[in-house]
Amino acid sequence: MSQSSKKYVCIHGHFYQPPRENAWLEVIEVQDSAHPYHDWNERISAECYSPNASSRILDGKNVIKNIVNNYSKISFNFGPTLLSWMEAKDKQTYDAILEADRDSMKYFDGHGSAMAQVYNHIIMPLANKRDKETQVIWGIRDFEYRFKRKPEGIWLAETAVDYETLEVLVENGIKFTVLAPRQAAATRKIGDANWKTVNDRSVDSRKAYTCHLPSGKSIAVFFYNGDVSQAIAFNGLLNDGRRFADNLINSFNEDDKETQLVHVATDGETYGHHHKHGEMALSFCLDFIEKDQRTTLTNYAHFLSVAPVEYEAKIIENSSWSCVHGVERWRSDCGCNSGGHSDWNQKWRGPLRDALDWLRDEVMIIFEREAESILRNPWDARNEFINVILKRGDETIKRFLKDHALTDAGASNVLRMMEMQRHAMLMYTSCGWFFDEISGIETVQVLQYACRVIQLASQVGGQDFEMEFLKRLENCPSNVGQYENAASVYKKLILPSRTNLQRVGMHFAVASLFEDEPESLTIFNYKTSSELFVRKRSGEQTLVLGITKVKSQVTRSEKRFAFAVIHLGKHNIIGNISLDMEPDKFAGMQFRMVKAFEEGRLGDVIGLMQQYFGPEKYTIWQLFQDEKRKVLELISQQSMAELEDSFRRIYNSDYPLITALSNNDMPIPNAYRTTFEYILNADLVNMLKSEKISTKELERISSELERWNLKISDTERLSILAGETILRELHKLQNERENLRRVTRINKLFPIFAKFNLQPNLHQSQNLYFETSLELKSQKQAEIDPEWTEQFSLLGDNLGVRVE
């Protein structure tokens, strides 16, 4: 092996977001703090996960010369719950991540760069043995499902470790894990008699170590370079990709003739989310190191295959990478926090963990007691339940029940037990303790999972733990005035979210007013099917009534209900629901209510609803958050369309008058200026949304805005639409490779958008142009029209791309 091949570099990214899904709906509801994105997963994916799959390398003029998939050249892990979201919501990035692992196997002699992760990021030393086992098994099984291979390494949440955790890893075939330098207790060369006590400053992170376990088994551990990792995450090293590369290359020990590995580990979100364009610094660094003759890029599994481990280490138990006090950040007011509130404390952390531990242990008793009569081996069934989570279909559930349930076990009861156990682990997601305040969204999330556990325990075991749980939450003080303690947080923020089949039924009834085909709707993870559905319209008013069945896709529980709802116009909606109305009674109600509605007796309709259903009613405010916004937006769009029609009539009829005022240097009334600005902005939005773009129409709008000295009202939204327009036109161009008019028209868009002061997001358009350019390079130049080539090159200039 040459001298250069004895020096290896590995960059690890820990890509993770806590599970944010509503505990009942299994979807992420809108998070306003992530604006302009729907939620934080979507925002961070746009700022980090997606850009790293197509990262830019710039030339000296800041023009894109190459686009690369960073994941294929680094070591990385993605949280299973994050990948589950990404598979559904950002499939393009998800596929690129899986492809990167396949590519890395080509680069690194069959060793993929992806590592597994314990399933939902619980602090392993604080978990009981059964939860440790399930977290590892689920993390491995999720990895195998997605990456189609067995993982060689696994990432521990917050790198928190103890020997029992390492034993569980080895029992499940894991070869290595990555730890922080301060987690090393002592090291020695294999064969030496004496151990050397080390700390975060003295441990040699350039070596791989064997860690011998109490069972006699062993696992490889890597202690990453703390100084360079710190510089990447917090000290501005990502401001310069070349300096990033130099820091790594200069971290070798030139006096050491043994094989060395310089490796760093940070949150993956460092590359793009925490540090804007951090992914570009990473791609430049990787490109530089790959071309440099002094070092070789690798991943951990590949390094172990080329460099046999020559050292061994002891670890510090109950330690982690983000708490200098060990794992106290997740169970006490140790002083570690995210900063910004010097007068706050985290005295709530310990009592919160105690409350959850109590709840976990109580439902464990229920689980073992109730499962004994319906499951062959309850804990084996829990470990295998990951197969259902990964693919919630009838066949998967049938197979699970066949393998684990006794013959007289009901599917719904078994699934409720499994979901109770799943949520009892989700409520330990580490982010619930990481931040400063118990009313923060991360801690609210784990409390929501606890609420779901309590609900399922009541359904499965007939015991209600809520009052005792609330009493324990009173010991968790809040720093925010409106919340005295966690019990108050639970009552104000958690209980309003709690959902059952009846609430889904209410939601269906209201949503059916606005759906085109409401008879069979999927509402998040619930399916509805209508036995009877009647909808009557009269002007602005709509009456809907019917009999519908709601079924949970998660627990397979279902209920049948009768409903009636009336829309009085705008957001005024009144509805009722009944779980036990007889068919004859419903038929009589239907006849009387429809007759009253058709005769315009709305007061009688509402009276009949109260007569048949009782006084309890629901309104639009009972809708789930996303759907409520969707309905309100639909209603407001109808009103805005009427407003636009009114303004457009004024614009068209009074345009000559305003022209005359202008020609005679007379002031234009503000009401007219507002009308003109509104209409021209509406014309611009409509044109950018149109499948057929007209540069002439865009130029007309621009000149009109300039003529009347008017402004664009929402540049952020219009910039997004402009970016989508360019991408749409590029897709058309890809199907019409030598259409000169189309490529010329796309080029005309850029100066027009500049006049509007729009800054379109060109990321996907640049990717598509780069891809097309590579394909064109394989064609003979004689086959391509020179004029088209000139316009296509100009398009590259407009997009800021010049392919090497």
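Two residues are in contact when heavy atoms of theirs lie within 4.5 Å. In this predicted model, residues 24 or more positions apart account for 70% of the contacts in the protein chain with a separation of 6 or more.

The protein chain holds 28 helices and 19 strands. Its radius of gyration is 31 Å, close to the 28 Å that the globule rule gives for 804 residues, so the chain is as compact as a globular protein of that length. Taken along the principal axes, the box filled by the C-alpha atoms is roughly 95 × 75 × 55 Å. Of the 804 residues, 56% are buried. The chain exposes about 35000 Å², and carbon and sulfur atoms supply 47% of that area. As for charge, there are 98 positive and 112 negative charges, and their mean positions are 1 Å apart.

Which residues does Ile11 contact, leaving aside its neighbours within four places in sequence? They are Ile74, Ser75, Phe244, Leu248, Val264, Tyr271, Leu282, Cys285 and Leu286.

Helix H2 covers residues 80–89, and its buried residues are Pro80, Thr81, Leu82, Leu83, Trp85 and Met86. What covers these buried residues includes three strands, S1 (7–15), S4 (75–78) and S5 (114–117). The cover also includes helices H1 (40–53), H3 (91–107) and H4 (129–147).

Some of these elements can be followed further. In the loop between S1 and H1 is Pro36, and the peptide bond from His35 to Pro36 is cis, with omega near 10°. In the loop between H3 and S5 is Asp109. Asp109 has a positive phi of about 55°, although it is not a glycine. With a relative accessible area of 60%, Asp109 is exposed, because the cut-off for exposed is over 50%.

Helix H4 contains Gln135. Is Gln135 buried or exposed? At 0% relative accessibility, Gln135 counts as buried, since buried means under 20%. Apart from neighbours within four places in sequence, Gln135 is in contact with Val118, Tyr119, Asn120, His121, Ile122, Met124 and Met425.

Ile190 lies in the loop between strand S8 (184–189) and S9. Its relative accessibility is 44%, so Ile190 counts as partly exposed. Not counting residues up to four places away in sequence, Ile190 touches Val309, Glu310, Tyr311 and Glu312. The C-alpha atoms of Ile190 and Ser319 are separated by 24 Å, and these two residues are 129 residues apart along the chain.

Ser205 lies in the loop between strand S9 (196–197) and strand S10 (208–212). Ser205 is buried, because its relative accessible area of 10% is under the 20% cut-off. Its contacts, leaving aside neighbours within four places in sequence, are with Phe223, Tyr224, Asn225, Leu261 and His263.

At 4% relative accessibility, Val554 counts as buried. Arg556 counts as buried too, at 13% relative accessibility. Arg556 has a positive phi of about 65°, although it is not a glycine.

What does Val554 touch, not counting residues up to four places away in sequence? Val554 touches Glu26, Arg392, Leu415, Glu419 and Asn525. Val554 and Ile389 are 165 residues apart in sequence, and their C-alpha atoms are 8.8 Å apart in space.

Conventions:
Residues numbered from 1 in each chain as written. Predicted model: local features only at pLDDT ≥ 70, side-chain atom pairs only at ≥ 80, totals over all residues. Heavy atoms only, no water. Helix = DSSP H or I, 4+ residues; strand = E, 2+ residues; numbered from the N terminus. Rg over C-alpha atoms; globule rule 2.2 N^0.38 Å. Buried < 20%, exposed > 50% of the residue type's maximum accessible area, 1.4 Å probe, protein only. Areas by Shrake-Rupley, 256 points an atom, 1.4 Å probe, with all protein chains shown as cover. Lys, Arg positive; Asp, Glu negative; His and termini not counted. Charge placed at Lys NZ, Arg CZ, Asp CG, Glu CD.
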